[in-house]
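Work through the exercises below with the sequence and the 3D view at hand. Each task is followed by its solution.

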Amino acid sequence: MTDQSTYDPSSTRHASPSRRDALRITAVAGLGVAVGAAALRELIERATLHRVSVTRTQLGTAVTVTVLDADPAEGRTLVDSAFAEIEHLERLLSRYRKQSAVARLNRDGVLRPAPPELVHVVSRAHEYARLSDGAFDITVAPLLNLYTQRFRDGLPEPSEAEVARAHALVNWRDLTVDDKSVALARRGMAITLDGIAKGYVVDRAVSTLVERGADRVIVQAGGDASTADTTDEPWRIAIQDPHDPEGVLGIVDLHGSVASSGDYMQAFTPDRRLNHIIDPRTGRSPERSSGTTVLAPSALDADAASTAAFVLGPEAGVTFLDKLDDIRGIVVSKDGMRFASKGFDGEMV
């Protein structure tokens with residue numbers, strides 16, 4: 001596990017996520033991207049605040065927790081508490097950890113009693129499956145596993161017959177959840193929470209910081225970020241342009257949560273035709289979407305809505321976002337066209 005930290009209030013170094021991550025913090029305390037390092041130092045020093053920022057590899061990506069606090073030691077304690085919560089949730093929700101709740105569900109087909117955290121996330125996943133008419137479906141894991149294993153091992157693209165066999169195991173309606181249990185209807189089915197759990201974990205990390213008295217924080221995990229702030233100054237972030245690894249779509253003032261999904265994050269083929277986002281209705285990656293960014297009150301909602309909009313495609317994805325309360329976003333097509341939901345107008349500067 002890597003752990004990169006910055007504590008010095010006069011330091012301008014920031015342990016940032018990989019360039020492949022969809023979000024990059026570009027300023028602190030509401031400063032625009034054009035504000036230089038000296039001005040940033042002056043602002044923090046004048047406010048007698050210390051920035052404590054730590055990046056670790058968790059959830060399969062770079063996770064950065066940043067706190068502004070008057071006491072750097074207290075700031076570090078707060079950051080450590082957030083990572084303790086992240087680690088706790090990863091032990092439950094990661095499909096890669098052999099003893100996690102998700103891994104046991106995928107292995108045994110049923111989990112009873114199921115941890116309340118898993119019940120909550122699966123229940124919310126069902127909501128998004130219904131809202132998106134199946135475009136969001138956490139039982140897509142057999143397809144994702146098929147593609148991942150084939151390309152990881154340097155083998156040819158799966159055949160139509162292989163895709164069809166895996167696709168037959170995908171149906172969110174065959175996943176049942178109640179207050180105490182989660183169950184898969186057929187042998188061979190499996191779930192992946194990649195499109196929703198990261199947002200949930202980010203939300204919980206922010207809640208942990210707030211409960212412990214933090215006033216100004218931001219937590220990032222790959223393409224997801226969420227903030228808490230008792231001031232009127234937003235965190236300002238840049239949104240990755242899916243067609244340009246060095247470019248940005250625009251800058252947004254973040255008061256709540258944001259999530260981005262893109263074919264550039266984990267592409268199986270050089271042309272990104274096949275990537276880690278699989279349409280559960282077709283068994284293939286969406287043909288028209290290149291990237292999505294969604295703003296929402298919670299990172300869980302932003303995460304799930306961003307994935308669903310990507311799968312649905314530009315026009316249908318925007319229509320889907322328009323139906324959701326307090327959620328707005330943008331879908332970028334393969335040819336670079338931008339489709340924004342009604343609520344997204346004026347968000348980017």
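**Exercise 1.** Find what covers the buried residues of H9, and state which residues of H9 are buried.

Solution. The cover includes helices H4 (116-131) and H8 (299-312), together with strands S13 (289-296), S14 (328-333) and S15 (338-340); contact means heavy atoms within 4.5 Å. Helices (H or I, at least four residues) and strands (E, at least two) are DSSP runs, numbered from the N terminus. Helix H9 spans residues 314-322, and its buried residues are Pro314, Gly317, Val318, Phe320 and Leu321. These lie on the same side of H9, because they cover an arc of only 155 degrees around the axis (directions from the helix axis to the C-beta atoms). Buried means under 20% relative accessible area (1.4 Å probe, protein chains only).

The model is predicted: local features need pLDDT of at least 70, side-chain atom pairs count only at pLDDT 80 or more, and totals for chains, interfaces and linings use all residues. Residues are numbered from 1 along each chain as its sequence is written, and side-chain values use heavy atoms, leaving out hydrogens and water.

**Exercise 2.** Determine how many residues of strand S8 are buried, and which lie on each side.

Solution. In S8 (residues 216-221), 6 of the 6 residues are buried, so the strand is largely enclosed by the rest of the structure. One side holds Arg216, Ile218 and Gln220; the other holds Val217, Val219 and Ala221.

**Exercise 3.** Identify the ring under the charged end of Arg216.

Solution. The ring belongs to Trp235, with its centre 4.6 Å from that charged end (a charge sits over a ring if NZ of Lys or CZ of Arg is within 6 Å of the ring centre and within 35 degrees of the ring normal).

Conventions: Buried < 20%, exposed > 50% of the residue type's maximum accessible area, 1.4 Å probe, protein only.
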